[in-house]
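Let's walk through this model together, one question at a time. Have the structure open beside you as we go.

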Amino acid sequence: MIKNIRPQVGFASNNVKEHVLSKFRAEQSSNEYIISLCKQKLFNEAIQAFELSQKKMGFCLNLNTYAYLISACSYLRSLEHGRKIHDHMLKSKSHPDLTLQNHILNMYGKCASLKDAQKLFDDMPERNVVSWTSVIAGYAQNGQGGNALELYSQMLQSGIMPDQFTFGSVIKACSSLGDIGLGRQLHAHVLKTEFGAHIIAQNALISMYTKSSLIIDALGVFSRMATRDLISWGSMIAGFSQLGYELEALCYFKEMLHQGVYLPNEFIFGSMFCACSSLLQPEYGKQLHGMSIKFGLGRDVFAGCSLCDMYAKCGFLSSARNVFYQIGRPDLVAWNAVIAGFAYGGDAKEAIAFFSQMRHQGLIPDEITVRSLLCAFTSPSELYKGMQVHAYISKMGLDLDVPVCNTLMTMYAKCSKFHNAIFFFEEMRYNADLVSWNAILTACMHHNQVEEVFRLLKLMCISQHRPDYISLTNVLGACTEIVSIEIGNQIHCFALKTGLVIDISVTNGLIDLYAKCGYLETARKIFGSMINPNVVSWSSLILGYAQFGYGEEALKLFETMRRLDVKPNHVTFVGVLTACSHVGLVEEGWQLYRNMEKEFGIVPSREHCSCMVDLLARAGCLNEAEGFIHKMAFDPDIVVWKTLLAACKTHGNVDVGKRAAENILKTDPSNSAAHVLLCNIYASKGNWEEFARLRSLMKQRGVRKVPGQSSIEVKNRIHVFFVEDRLHPEINKIYATLEELLLQMLDAGYVPFQK
């Protein structure tokens, strides 16, 4: 019986050996296959092969394969698969060496799972510089610069010296914190080590300085580099482009090409397209576009987004559309770029069309998408479309995002739905950020809701957000609008106390306020304190002097401005033409008006034409003024004819005055000012028949003279008075004071004017 069994036992033993050998070969083959896929950068396929191998009971992977799979997860930023592979390794009772543990640390950092990374790091029995650097890099890459710097300090205390990769991550952490003082200390620390001249540390320093807007420091690091790579050039070119040094970006790009060591990648082309966009130089952009195609980047998503944006900002919307359709597989960022391009370019219809196409492609719009789209709706005629997008935003739950709410509020304000904007702000007020407050203040100014500006400012001051330079500029504009010098003084004090007075827009707002309120000495003093006044500063002061009758002083300022090579704008010319009008310099005014377009490229506007009519009419050149009106490039409005009519009253010109009044009444038959001024002209000439006829006509038409009014601010309260007003609560005291003043005037020898 035993003899019969022996051959079977031997056969079974051979089967086991064959099975084990087969399994070993299968495992070896699978390990090699997975590693081969990873080496070919077929990371998704490698992970699929791993998942298939998991289904086989008792299947083992070697440590080298785990390392490749973990690296694949790092590249794909796949936390789910990274955890699965890590768990599989732990369950297989493999004992990862220090190198594999560092790979896992790096994977958790790249996948933003800092809790997992920290736990693994804390449990590691042994750590080297790579371990510390991996966990520091994880914190730095995920916006936790403070934790990264704390770990760096612990690393130094543990006696492990940093390398160039550590320095790169720590410098990045400083950059994310915005602590440039600490960044400079770290820079000095790097220079003292053997890695001070290493390209990785130097590239990180360039990036830190450019992100802190310190382009000179970045250029200093770049200039001292013994060797530079593509990242060095790309960081420097991007810094120039982002910080307003567009021409320097173009020069350094040209120098990089001239050296011929590196070919520009999609990121460098993206920076160059942004530079051309800021310069509004589509010709440069077109040349770069051709070059990007030559280098095989014509269908690249990153370069394509920047190129699409450039064409849109330069007004070449059809080119922007063509570039977008050439992108291989446009992602959400690309769609957002083309929607924003058409929205900001004023083509709401096309922006909506792209928004619809995007949704049909299965992409889900995000906050940036809807904010860009809302910017397309800027007039009352587009309100309905804006409301439809608002409904979509509410449906998708995007109205919980504060920046989206800010854009919605601005959209309603621009579409003349101010009450909707205010309601929207009140609904979100307790979640509002500084942008929200500034947006509603700007909306109030746009809709001349001055009192609302002051109400909101009081609420803002007791909120968690303090006014910034934009807030103060709006409030100063409101003070100027109602000529409120007392509130303006308070805002001035607040600006001095907070240091916001150094901002040029706030300083210009103060100059404008004091100049328009008649405090010209104060305005001049503020102007004199400025290191580098711009055209707005000069124009505000010139206009202030001109409006208060100091024409010669205004013209002197204009001459000084020209000597300093400050190019005037349209407001400057309103000021100097007004100055010429007050002083009576007709020829000089004519010369300035003619040189506006010829010398400075400023096309005369309706306001400039009104100034010229006032200049000629004040000087008594009434027929010439009337001829000028008829030759204007656009139809004259009531203001122009009123200016001429008022001058006709002063100079007693019935014929021209009658024609001016007739032109006003064609537009506005019930205009009381035209009737009254023409009546006064007839009366001054003793033409009582025409006077009576016109008064009778006024009664028939129901035209009533609008009473004149004036206002005064006393203790932060505006008091408004009408002619023969009897409604003020303190009217008896007011009239008693007026009678007392009149008696004092008579005692002083004043003789009342007799008509």
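Q: Which residues lie nearest the centre of the largest pocket?
A: This is a predicted model, and its largest pocket is lined by 27 residues. Nearest the centre lie G168, S169, K172, A204 and S207.

Q: Which element gives the most residues to the lining of the largest pocket?
A: The elements that give two or more residues to this lining are α5 (98–110), α7 (129–141), α9 (164–177), α11 (199–211) and α13 (230–242). The pocket they line has a volume of about 610 Å³. With seven residues, the element that gives the most is α11.

Q: How many Å should helix α39 span, and how far apart are its end C-alpha atoms?
A: Helix α39 covers residues 672–684, so count 13 residues at 1.5 Å a residue. The expected span takes one less than the number of residues. That gives 18 Å, and the end C-alpha atoms agree, being apart by 18 Å.

Q: Which residue just after α39 takes a positive phi?
A: Start on the helix itself, where the buried residues include H675, L678 and Y682. Then step just past α39 to find a phi of about 75°. The residue that takes it is G686.

Terms used:
Residues numbered from 1 in each chain as written. Predicted model: local features only at pLDDT ≥ 70, side-chain atom pairs only at ≥ 80, totals over all residues. Heavy atoms only, no water. 1 Å grid on protein atoms, 1.4 Å probe; cavity = no way out; pocket = protein on both sides within 12 Å on 5 of 7 lines; lining within 4 Å. Points joined across faces, edges and corners; volume = space filled by probe spheres on them. Helix = DSSP H or I, 4+ residues; strand = E, 2+ residues; numbered from the N terminus. Buried < 20%, exposed > 50% of the residue type's maximum accessible area, 1.4 Å probe, protein only.
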